[in-house]
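The sequence and structure come before the details.

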Amino acid sequence: QVQLVESGGGLVQAGGSLRLSCAASGRTFSTYPMGWFRQAPGKEREFVVSLSRGGGSTYTADSVKGRFTISRDNAKNTVYLQMNSLKPEDTAVYYCAARGTGYAGRIYVSEHDYDYWGQGTQVTVSS
């Protein structure tokens, strides 16, 4: 069983930055493809960005491309989401997700591809 704990959310003004962290349990963290999703009030959860198990491949949703970056530190069992130039429409609960298995270099973008989820962290961007 893998446990994921997000942190780093909060209130920020438009144009500002935040870095979310997701700490994972498990001895094989480096083998997990990872992803970030978000859910705004009244909307379905949507894909934000994903990272392959080796960290060599990423895929970013068009809505955040050029502003959000995912990275991982396998020594710390942690994945990060750096969010720059934040906009009010980025306001949402952000979820970290892990897939238990994955091919090297493979990217997963559907929430159904992921096996483990964190509890979410709220990000609010004021205008």
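Along the sequence, the chain follows the pattern β-β-β-β-β-β-β-β-β-β-β. It has 0 helices and 11 strands, where helices (H or I, at least four residues) and strands (E, at least two) are DSSP runs numbered from the N terminus. The model is predicted, so local features need pLDDT of at least 70 and side-chain atom pairs count only at pLDDT 80 or more, while totals for chains, interfaces and linings use all residues. Residues are numbered from 1 along each chain as its sequence is written, and side-chain values use heavy atoms, with hydrogens and water left out.

**Overall dimensions**

The C-alpha atoms of the chain fill a box of roughly 40 × 25 × 25 Å, taken along the principal axes. For 127 residues, a compact globule would have a radius of gyration near 14 Å, and the 13 Å of the chain agrees with this. The radius is taken over C-alpha atoms, and the globule rule is 2.2 Å times the number of residues to the power 0.38. Buried residues make up 43% of the 127 residues; buried means under 20% relative accessible area, exposed over 50%, and partly exposed in between (1.4 Å probe, protein chains only). Of the contacts in the chain with a separation of 6 or more, 60% are between residues 24 or more positions apart, a contact being heavy atoms within 4.5 Å.

**Disulfide and core**

The structure holds 1 disulfide, defined as a pair of cysteine sulfur atoms within 2.5 Å. Cysteine 22 and cysteine 96 form this disulfide, with their sulfur atoms 2.1 Å apart. The pair links distant parts of the chain, 74 residues apart: cysteine 22 is in strand β3 (residues 18-24) and cysteine 96 in strand β9 (residues 92-98). The angle about the S-S bond is -75°, and the link is left-handed. Both cysteine 22 and cysteine 96 are buried.

The largest nonpolar core has 34 residues, and those with the most contacts inside it are Met34, Trp36, Val79, Met83 and Tyr94. Such a core is a set of buried Ala, Val, Leu, Ile, Met, Phe, Trp, Tyr and Cys residues joined through side-chain atoms within 4.5 Å. At least two residues of this core come from each of β3, β4 (34-39), β5 (46-51), β7 (68-73), β8 (78-83), β9 and β11 (121-126). The most is given by β9, with 5 residues.

**Strand pairing**

An open sheet is formed by 4 strands in the order β1-β3-β8-β7, with antiparallel pairing. Two strands pair if DSSP finds at least two bridges between them. Because β1 (4-7) and β7 stand at the edges with a single partner strand each, one side of each is left without a neighbour in the sheet. Neighbouring strands of this sheet are turned by 15° against each other on average, direction ignored; the axes are lines fitted to C-alpha atoms, for helices over the stretch in contact, and angles run from 0 to 180 degrees between N-to-C directions.

| Strand pair | Bridges | Residues facing each other |
|---|---|---|
| β1 and β3 | 4 bridges | glutamate 6 and cysteine 22 |
| β4 and β5 | 5 bridges | glycine 35 and serine 50 |
| β5 and β6 (residues 58-60) | 3 bridges | leucine 51 and threonine 58 |

Strand β5 is mostly covered, with 5 of its 6 residues buried. The hairpin of β4 and β5 has 6 residues between the strands, and glycine 42 there takes a positive phi near 75°. The hairpin of β5 and β6 also has 6 residues between its strands, and glycine 55 in the turn has a positive phi of about 85°.

Asparagine 77 lies in the loop between β7 and β8, and glycine 26 in the loop between β3 and β4. The two residues are 51 residues apart in sequence and 8.1 Å apart in space, C-alpha to C-alpha. Asparagine 77 counts as buried at 19% relative accessibility, whereas glycine 26 is partly exposed at 33%. Leaving aside neighbours within four places in sequence, glycine 26 is in contact with Tyr32 and Asn77. With the same exclusion, the contacts of asparagine 77 are Cys22, Ala23, Ala24, Ser25, Gly26 and Phe29.
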